[in-house]
Amino acid sequence: MTRVRAESVPEDFNPVRIGQAPLNRRQSIGKVMWIVVWVIYFVGPVTELFANRHSTADRVLGGLGVGLFVATYFTLVFRHMWRTLSALGKYLALAVLAVLSCVLGTVLGPSWLVLFIFTSVACGVVLPWRQSRWLIPVVTLLLLIIGMRYPEARSYYLFAFGLPAMVSGYTMVGVQYLITTTKELRAAREEVARLAANEERLRMSRDLHDLLGHSLSLITLKSELAGRMLPGRPADAARQVADIERVSRQALVDVREAVTGYRRPRLAVELAGARAALHAAGVTAAVDPALERGHHGLAGEAEGALAWALREAVTNVVRHSGARRCELLLSEEWAADERRWLCLSVLDDGAGPPRLQHDGNGLAGLRERLLLADGRLETGPATHGRGFELRACVPLTAVTSASETPAASASLDDPA
């Protein structure tokens, strides 16, 4: 089967680039031509100006008037397109356009009523909706009043000039709204991309901190233990070195998975790692049978959050607590809102209070992980007095009998 590859639309696919500044000369010319092309509607009035029935004074007035009108109109539109005009400048320019439309339309004939269309368009382009929605009908009304003085044009000027002035003005209001919306959507897309990049950086920092902190702590402990065993117990030292190699290889695999975004730890795997780390540090591990059983009725994200909590808590016990005993408990609780929670508790008998002053990077990242799984993190002094306790809770979504998760916790010494 032949694979079809979809080509992405280039950024400058729209040559006019509505709502965007031109990137090159070709796009600038395209924008200018899109505006200048409407000058073709001046052909009728200018051609009629040089008819025999007009005097030289009328021709001078018409030539000067149309020149000033075109210059004011394009200055107003182009300045609005590339830089912001002051409110006073906008209203002065629009006043000049309105006065010229009235004067030339009154003196030179009905064909000059087309100037009101350009004035209406200018109002829709440069003014906000609150002002343009009133000025566009006012400009159209002026056109109709002046047009009434030409009996020969009464049969058609409403449809030839009045309706186009109203429709063109409100059409440009819609175009300006489209431009504003396009800019806002582009800014929102850039913001979403920036937030996604920041979220990915946070994920990477959390994963690498948790992965490397735990693995490097275990490697350090086993290296120190192997160093103490080397003089008299080379066989035991060799086993420790083999464990170091295994842990380092697993750390390399974990880092690769974290980088590619597929890392999702499991409680059973982290429990085995926690046992090994505590045993290497000389800390007695008391593990709840409910934690060893597995199949806790958790979704993937919730189990991953608890697994990260177990890894971070045990790493902190090994590196900071100076504890001799650590309890790993798992219990099911009911909240006041009838929600069921599965709570992992890690308690030690070490020097806990100094670590209560502020959260480090590990606990801060762990709080973020649990929030993503709709869970919560609680830290504080151990319930039995001395030591530190970490509780990570996630909601239970699957139907799990309360009898399957015993509330009482049994303590088993690590046999390793």
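Q: Is C326 buried or exposed?
A: C326 has a relative accessible area of 0%. This is a predicted model, in which local features need pLDDT of at least 70 and side-chain atom pairs count only at pLDDT 80 or more, while totals for chains, interfaces and linings use all residues. Residues are numbered from 1 along each chain as its sequence is written, and side-chain values use heavy atoms, with hydrogens and water left out. Buried means under 20% relative accessible area, exposed over 50% and partly exposed in between (1.4 Å probe, protein chains only), so C326 is buried.

Q: Which residue does C343 join in a disulfide?
A: A disulfide is taken as a pair of cysteine sulfur atoms within 2.5 Å, and the structure holds one. The S to S distance of this pair is 2.3 Å. The partner of C343 is C393.

Q: How many residues apart are C343 and C393?
A: Helices (H or I, at least four residues) and strands (E, at least two) are DSSP runs, numbered from the N terminus. C343 lies in strand 3 (residues 340-348) and C393 in strand 5, a link between distant parts of the chain. C343 has a relative accessible area of 0% and is buried, and C393 also counts as buried at 0%.

Q: What is the torsion about the S-S bond of C343 and C393?
A: A disulfide is a covalent bond between the sulfur atoms of two cysteines. The disulfide of C343 and C393 is right-handed because the torsion about its S-S bond is about 115°.

Q: How many salt bridges does a search of the whole structure find?
A: A salt bridge is a side-chain nitrogen of Lys or Arg within 4 Å of a carboxyl oxygen of Asp or Glu. One of them joins R233 and D236, with the closest N and O atoms 2.9 Å apart. R233 is partly exposed at 45% relative accessibility, while D236 is buried at 17%. The search of the whole structure gives 10 salt bridges.

Q: What separates E191 and R194 in helix 7?
A: The side chains of E191 and R194 meet in a salt bridge, 2.4 Å from N to O. E191 is partly exposed at 34% relative accessible area, and R194 is partly exposed at 41%. An α-helix has 3.6 residues a turn, so residues three or four places apart point the same way. E191 and R194 are three residues apart in helix 7, so what separates them is about one helical turn.

Q: Which residues are joined with R391 and E333 into one network of salt bridges?
A: R391 and E333 form a salt bridge of 2.9 Å, N to O, between strand 5 (residues 388-395) and strand 2 (residues 325-334), 58 residues apart. R391 counts as buried at 15% relative accessibility, and E333 counts as partly exposed at 26%. Through salt bridges that share partners, the network also takes in R376 and E378.

Q: Which helix gives the largest share of the lining of the second largest cavity?
A: Lining residues have an atom within 4 Å of a point; here they are H214, S217, L218, L221, A277, V314, T315 and V318. Helix 7 (157-229) and helix 11 (300-321) are the elements that give two or more of these residues. The largest share, four residues, comes from helix 7.

Q: How many residues of helix 11 are buried?
A: Helix 11 has 22 residues and reaches 30 Å from its first C-alpha to its last, close to the expected 32 Å. The expected span is 1.5 Å times one less than the number of residues. G322, with a positive phi near 70°, follows helix 11. Helix 11 is mostly covered, and the buried count out of its 22 residues is 18.

Q: Which residue takes a positive phi just after helix 4?
A: Helix 4 (residues 87-108) has 22 residues and reaches 31 Å from first to last C-alpha. Its buried residues include L104, G105 and L108. Just after helix 4, a phi of about 125° is taken by G109.

Technical notes. 1 Å grid on protein atoms, 1.4 Å probe; cavity = no way out; pocket = protein on both sides within 12 Å on 5 of 7 lines; lining within 4 Å.
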